[in-house]
Structures are given as structure tokens and as C-alpha cells.
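Trainee: I would like to go through this model one point at a time. Please show it first.

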Amino acid sequence: VIEEIYDFIVPELEKFIENKPYEPQMYYVLARIYQAGFENLGRDDLGKAETILKKALNYSNLRKEYFQELKQVLLFQGKFEEGEKLLQDYLKRVDFYDYFPYLTMGHFYFETERYDLAMEQYEKAKETGYDFCQAVGGYSRYMFSAEKTGAYQRIVDMAKKCLEKWGPDADTYFNIAVGYFYLSDREAAKEFFLKAVELKPEYEEYRLFFENF
């Protein structure tokens with residue numbers, strides 16, 4: 001049924017755009033549907049999504065949604081360098097927040113699993129005012145990138161900063177404990193591990209890990 005709907009809607013939207021090329025939202029909608037067809041139905045329509053989004057840029061070359069979707073389409077196709085250049089060129093032409101270029105590129109590098117580059121951009125975003133504690137997604141990406149690059153002091157520092165905003169939190173305590181573990185600070189690691197266990201008994205399974213290193 002879903003495939004039948006896809007096969008009906010796509011040609012209709014393609015005809016709509018052909019007849020009314022100045023309807024900007026329809027480019028985004030059709031590109032999203034092409035991506036959904038690729039992700040959920042195995043349709044090989046990413047090339048069409050790339051074409052329609054590049055066409056959309058002729059009408060609006062600053063619209064954030066176009067660039068975000070085109071970036072994702074390029075990543076799906078393994079066109080990492082083209083996606084990187086696309087975002088870099090876009091970021092030179094927009095003026096949102098001081099941290100926006102760094103955060104955007106950080107997320108791009110995160111998605112391409114280049115965590116060293118992601119961490120470099122995340123640090124610049126932080127220095128220019130972005131608060132990673134304000135968004136769970138950004139915080140998780142920062143912490144994961146820090147772990148992948150062995151930046152355990154940054155894990156500890158960020159988690160402590162967020163504790164001040166969030167209040168007591170078992171998962172954050174545990175992140176700090178792990179950070180201190182890899183920094184070879186046994187007492188601090190055990191201290192924060194016990195705080196995590198107090199709030200979330202499930203962490204008890206890691207007790208030997210922290211008591212015997």
C-alpha cells in the first residue's frame with residue numbers, strides 16, 4: 001500500500017513543480033519524499049532528490065532547509081567532499097549566530113564519523129557562546145565525539161557544567177565517573193560512580209569496574 005501511495009504521489013508532485021516552479025516549499029516536500037522512498041522502500045531516487053534540491057537553490061540559495069536536505073542526500077550517496085563544500089559555501093553567506101557555522105560543521109563531521117574534526121568545531125561553537133547543555137542532541141554528540149577522541153577531561157568538564165544546570169542526574173554522574181576513570185583519578189571516579197548508583201541502582205553492575213582499577 002505504501003509503495004502504491006509513493007508511486008502515485010511522486011509523479012503528481014513532479015508535474016506540480018514542472019507547472020509551478022516558483023512554489024518553494026514543494027521542492028523540499030518532494031525531496032523529503034524521495035529520501036523516504038530510499039530509506040523505507042529501497043527506491044533509488046536519491047539522484048532525483050539531489051537534482052530537485054539543486055534546482056531549488058536557483059530560486060532561494062539561502063534557505064536553510066534546502067541545504068540541510070541536500071547535505072543529507074549527498075551523504076547518503078557518499079559524496080562527503082561535495083557535502084562539506086556545500087555547507088562551507090553556505091555558511092559564508094548566512095549570518096545567524098556566532099556559533100552557528102561551527103555547530104553546523106561539527107554536526108556534519110559527526111555524521112561522517114570524523115570525530116576529531118567534529119570535536120574541533122564543537123569546541124569553537126562552545127567558545128563562541130553555544131551551550132551544549134541546552135539541547136540533549138548536541139550534548140550527546142559532544143560527549144560521544146569527546147569519547148571517540150579520548151578527550152576525557154572535556155567529558156568531565158562538560159558533564160559538570162551541565163550538572164549545574166540540570167541538577168543531580170545519574171547518567172551525568174556516571175559520565176563523569178568514566179571520564180575520571182580514564183584520567184586515572186581513582187578516588188574521583190569512585191565518588192561519582194557512587195552518586196550515580198544512588199540515583200540509578202542499575203549502575204551497580206559496574207561496581208567491580210570502579211573498585212578494582
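What follows is a set of questions and answers on this structure.

Mentor: This is a predicted model, in which local features need pLDDT of at least 70, side-chain atom pairs count only at pLDDT 80 or more, and totals for chains, interfaces and linings use all residues. Residues are numbered from 1 along each chain as its sequence is written, and side-chain values use heavy atoms, with hydrogens and water left out.

Trainee: Which residues form the disulfide, and which parts does the pair tie together?

Mentor: A disulfide is a pair of cysteine sulfur atoms within 2.5 Å, and the structure holds 1. Cys133 lies in the loop between α7 (115-127) and α8 (136-148) and Cys162 in helix α9 (residues 152-166), so the link joins parts 29 residues apart in sequence. Helices here are DSSP runs (H or I, at least four residues), numbered from the N terminus. The sulfur atoms are 2.0 Å apart in the pair Cys133 and Cys162.

Trainee: Are Cys133 and Cys162 buried or exposed?

Mentor: Buried means under 20% relative accessible area, exposed over 50%, and partly exposed in between (1.4 Å probe, protein chains only). By that rule, both Cys133 and Cys162 are buried.

Trainee: Is Glu69 buried or exposed?

Mentor: Glu69 lies in helix α4. Not counting residues up to four places away in sequence, Glu69 touches Tyr28, Arg32, Gln35 and Leu53, where contact means heavy atoms within 4.5 Å. Because its relative accessibility is 10%, Glu69 counts as buried.

Trainee: What does α10 pack against?

Mentor: Helix α10 (residues 170-182) has 13 residues and reaches 19 Å from its first C-alpha to its last, close to the 18 Å expected at 1.5 Å a residue. The expected span is 1.5 Å times one less than the number of residues. Its buried residues include Tyr173, Phe174 and Phe181. The buried residues of α10 pack against α8, α9, α11 (186-199) and α12 (207-211).

Trainee: What covers the buried residues of α6?

Mentor: Helix α6 (residues 100-111) has 12 residues and reaches 17 Å from its first C-alpha to its last, close to the 16 Å expected at 1.5 Å a residue. Among its buried residues are Phe100, Leu103, Phe108 and Tyr109. The cover includes α4 (64-76), α5 (80-93), α7 and α8.

Trainee: Which residue with a positive phi follows α6?

Mentor: The phi in question is near 65°. The residue that follows α6 with this value is Glu113.

Key: Helix = DSSP H or I, 4+ residues; strand = E, 2+ residues; numbered from the N terminus.
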